[in-house]
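Please consult the sequence and the model while reading.

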Amino acid sequence: MKVIAAYLLAKLGRNENPSVADLKKIFESVGAEIDQEKTDLFFSLIKDRDVTELIAAGREKMAALSSGGPAVAAPSGGGGGAAPASEPAAESKKKEEEKEESEDDGGMMSLFD
């Protein structure tokens, strides 16, 4: 993914035909190491292909993957919608903590109760 991101970043920078050297400069600018094997593989796969066509083909594949089930509508209600969802999570977290505490005491045979 880093190689693809660097390539697209170079394209956004108005470099119509980014090279391995261009990607290497991008990686070095952020202190990352370039994986030469993955970079060579990437360039061999996109050779003589238009990036916009590749992105369009990828979108079509992703759309086919996500059409497996019905979409779930999110509740639409201001800022109050988030609070009820967090309450069950908080309750389950408290129960887990209580359970962990009770299990820890079992090894000491309840000396400190």
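Q: What is the volume of the largest pocket?
A: The model is a predicted one. In this model, the largest pocket has a computed volume of about 260 Å³.

Q: Which helix gives the most residues to the lining of the largest pocket?
A: The lining consists of 13 residues, and Met1, Lys2, Val3, Ile4 and Lys38 are those nearest the centre of the pocket. At least two lining residues come from helix 1, and at least two from helix 3 (36-46). The greatest contribution, 5 residues, is that of helix 3.

Q: How many charged residues are in the lining of the largest pocket?
A: Sorted by class, the lining includes 9 nonpolar residues and no polar ones. The charged residues of this lining number 4.

Q: Which elements give two or more residues to the lining of the second largest pocket?
A: The second largest pocket has a volume of about 180 Å³. Its lining is formed by Ile4, Tyr7, Leu8, Phe42, Ile46, Val51, Leu54 and Ile55. Two or more of the lining residues come from each of helix 1, helix 3 and helix 4 (51-65).

Q: How many nonpolar residues are in the lining of the second largest pocket?
A: The lining of this pocket holds no polar and no charged residues. The nonpolar residues number 8.

Q: Is helix 1 roughly parallel or roughly perpendicular to helix 2?
A: Helix 1 (residues 2-12) packs against helix 2 (residues 20-29) with the axes 9 Å apart and an angle of about 105°. Angles of 65 to 115 degrees count as roughly perpendicular. Helix 1 is therefore, relative to helix 2, roughly perpendicular.

Q: Which residues of helix 2 make the contact with helix 1?
A: On the side of helix 1, the contact involves Lys2, Val3, Ala6, Tyr7, Leu9 and Ala10. The residues of this contact comprise 8 nonpolar, no polar and 1 charged. On the side of helix 2, the contact is made by Leu23, Ile26 and Phe27.

Methods
Residues numbered from 1 in each chain as written. Predicted model: local features only at pLDDT ≥ 70, side-chain atom pairs only at ≥ 80, totals over all residues. Heavy atoms only, no water. Axes fitted to C-alpha atoms, helices over the stretch in contact; angles between N-to-C directions. Helix = DSSP H or I, 4+ residues; strand = E, 2+ residues; numbered from the N terminus. Parallel < 35°, antiparallel > 145°, perpendicular 65-115°, else oblique. Contact = heavy atoms within 4.5 Å. Nonpolar A, V, L, I, M, F, W, Y, C, P; charged D, E, K, R; others polar. 1 Å grid on protein atoms, 1.4 Å probe; cavity = no way out; pocket = protein on both sides within 12 Å on 5 of 7 lines; lining within 4 Å. Points joined across faces, edges and corners; volume = space filled by probe spheres on them.
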